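Here is a quick tour of one chain, going from the overall fold down to a single residue. Have the viewer open while you read.

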Amino acid sequence: MYRDPDLLKLAQGQQCLLNCHPYCDGDEGSTTVACHSNELIHGKGKGLKADDCMSVWGCYKCHTWLDQGDRSKRQKAKIFDEAWYRQVQEWHKIADNALLKPWRVEAAEKVLKHIGAKR
């Protein structure tokens with residue numbers, strides 16, 4: 001199981017990557033959190049969140065939609081998976097930016113190494 005509180009903190013102030021229009025509130029990051037996958041293959045279980053490496057930045061409304069919205073699990077999984085690929089790109093940008101605080105760079109580097117993303 002992959003857990004990293006610093007990785008989750010990276011979401012604060014970031015733009016929503018889920019973009020579940022028309023649900024997305026486009027708040028430019030004021031409610032953005034790390035939204036975990038709801039798929040069993042990613043570690044989700046009864047009372048258990050998926051691994052932190054299987055999370056994407058999402059605003060409050062998109063996060064609510066992902067967990068409680070009216071689309072099928074398959075449709076939600078497709079939207080999540082597309083957002084996750086954007087998330088990995090964002091982690092690469094953070095890992096490659098020496099001007100950021102070291103804890104941010106380290107969190108991004110650790111998750112990229114964990115998921116086997118090439119740098």
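## The fold at a glance

Four helices and two strands make up the chain. Keep in mind that this is a predicted model. Going along the sequence, the order of elements is α-β-β-α-α-α.

How does the radius of gyration fit a compact globule? With 119 residues, such a globule would come out near 14 Å, and the chain has 14 Å, so the two agree. The C-alpha trace spans about 40 × 30 × 25 Å along its principal axes. As for burial, 40% of the 119 residues count as buried.

Strands E1 (residues 33-36) and E2 run antiparallel and are joined by four bridges.

## Two packed helices

A packed helix pair is described by the angle between the axes and the distance between them.

| Item | Value |
|---|---|
| Helix H2 | residues 60-68 |
| Helix H3 | residues 73-95 |
| Angle between H2 and H3 | about 140° |
| Distance between the axes of H2 and H3 | 9 Å |

Why is H2 called oblique to H3? Because angles have to be over 145 degrees to count as roughly antiparallel, and the pair packs at about 140°, H2 is oblique to H3.

On the H2 side, the residues that meet H3 are Trp65, Leu66, Asp67 and Gln68. Their counterparts in H3 are Lys76, Ile79 and Phe80. Sorted by class, the H2 contact with H3 has four nonpolar residues, one polar and two charged.

## A buried aspartate

Last stop is aspartate 4, which sits in the segment before helix H1 (5-9). Is aspartate 4 buried or exposed? Its relative accessibility is 5%, and buried means under 20%, so aspartate 4 counts as buried.

What does aspartate 4 touch, leaving aside neighbours within four places in sequence? Its contacts are Asp52, Ala107 and Lys110.

Note on methods:
Residues numbered from 1 in each chain as written. Predicted model: local features only at pLDDT ≥ 70, side-chain atom pairs only at ≥ 80, totals over all residues. Heavy atoms only, no water. Pairing = 2+ DSSP bridges. Axes fitted to C-alpha atoms, helices over the stretch in contact; angles between N-to-C directions. Parallel < 35°, antiparallel > 145°, perpendicular 65-115°, else oblique. Contact = heavy atoms within 4.5 Å. Nonpolar A, V, L, I, M, F, W, Y, C, P; charged D, E, K, R; others polar. Rg over C-alpha atoms; globule rule 2.2 N^0.38 Å. Buried < 20%, exposed > 50% of the residue type's maximum accessible area, 1.4 Å probe, protein only.
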